[in-house]
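Hi everyone, thanks for coming.

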Amino acid sequence: MNHDLKYDLSSFREDLKELSVSLTGEQEEQFLSFYELLVEWNSFMNLTAITEFDEVMKKHFVDSLTLVKAVPALLDPASASIGNLPGKLSLIDVGTGAGFPGIPLKIAFPELEVTLLDSLQKRVGFLNEVISRLSLTGITAVHGRAEDFARPGRLRESFDICVSRAVATLSTLSEYCIPFVKKGGCFVSYKGSDVEEEAASAREAVRILGGEEPRVFSFFLPGSDMGRNLYLIRKKAPTPGRYPRKAGLPAKEPIHG
């Protein structure tokens, strides 16, 4: 399918240039098909409040790909300093929703092995449609809760990278996400600006869960004044077996030490 006459990709290309991300014509087509599916399905189910083309490209697609600022190994897998197999990094996107950031990352970096985890079956149906229509391989959509899939014998400590754009405090997200990460891997939380207090209150939780002191990458989305922060937490020790706790507790009673 050729979308070239319908959409102006000049801003998207400029934004990606700023991130040092280059796409083939086929990858650009996949992003456009993803956009069209997002708008189509959004007409009958709640996937996103953002539907205007340029806004989706910047606030969903480009924003997802800013992970390269915290994990530059994505741009040069041969030099990967995480994971055991250069060029074969595995990533789980917890609470992926409409597929952000996991699907844009998979399109831009096809060698990445991606798992999308979401608790709503209807959204997983959408994700599977996208995967099928874009002919993506090495990506799986899973229906379930982080509390269940991070348990021993499931997906616990199985991934080089865990990412989440989900709306929750860093302390709560750390309890859901750090258990998925292998020792030596990392969890990256996508946040807006002005979250210093939230990060400070999560420090003890991160330590207890096996993580190092968070490293913060602060920047503006390319071509905008929208502030963003990526919190990268390296995992230095296995997560204690009692975490994550049962559903609801990580949000109601965040770990304080």
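This is a predicted model: local features need pLDDT of at least 70, side-chain atom pairs count only at pLDDT 80 or more; totals for chains, interfaces and linings use all residues.

Residues are numbered from 1 along each chain as its sequence is written, and side-chain values use heavy atoms, with hydrogens and water left out.

Back to S174, which sits in helix 8. Helices here are DSSP runs of H or I with at least four residues, strands are runs of E with at least two, and both are numbered from the N terminus. So is S174 buried or exposed? It's buried, with a relative accessible area of 0%. Buried means under 20% relative accessible area, exposed means over 50%, and partly exposed is in between, using a 1.4 Å probe and protein chains only.

The rest of helix 8 goes along with that. Eight of its eight residues are buried, so helix 8 is largely enclosed by the rest of the structure. Take S171, also in helix 8: S171 is buried at 4%, and beyond its neighbours within four places in sequence, S171 is in contact with A202, A205, P254 and I255.

Now, A202 brings us to helix 9, residues 196-208, which bends by about 40° at A202. That bend is the angle between axes fitted to the seven residues ending there and the seven starting there. Which residues of helix 9 are buried? They are A199, A202, A205, V206 and I208, and what covers them includes helix 8 (170-177) and strand 7 (227-234). Just after helix 9, G210 takes a positive phi of about 105°.

Next, the cores. In soluble globular proteins, nonpolar side chains tend to be buried together. By nonpolar core I mean a set of buried Ala, Val, Leu, Ile, Met, Phe, Trp, Tyr and Cys residues joined through side-chain atoms within 4.5 Å. The largest one has 58 residues, and V71 and F126 have the most contacts inside it. Its largest share, seven residues, comes from helix 2 (residues 25-42). Not counting residues up to four places away in sequence, F126 touches F34, L37, L38, W41, L47 and A98. There's also a second, separate core of 28 residues, including C177, F180, A205 and Y243.

Last stop, the largest pocket, with about 600 Å³ of space. A pocket is found on a 1 Å grid over the protein atoms alone, as an open set of points where a 1.4 Å probe fits, with protein on both sides within 12 Å along at least five of seven lines; lining residues have an atom within 4 Å of a point. Grid points are joined across faces, edges and corners, and the volume is the space filled by probe spheres set on the points.

How many residues line this pocket? There are 28, and G95, T96, D118, A166 and V167 lie nearest its centre. Helix 8 turns up again here, giving the most to the lining, with three residues. That's where I'll stop, so please go ahead with questions.

Notes:
Contact means heavy atoms within 4.5 Å.
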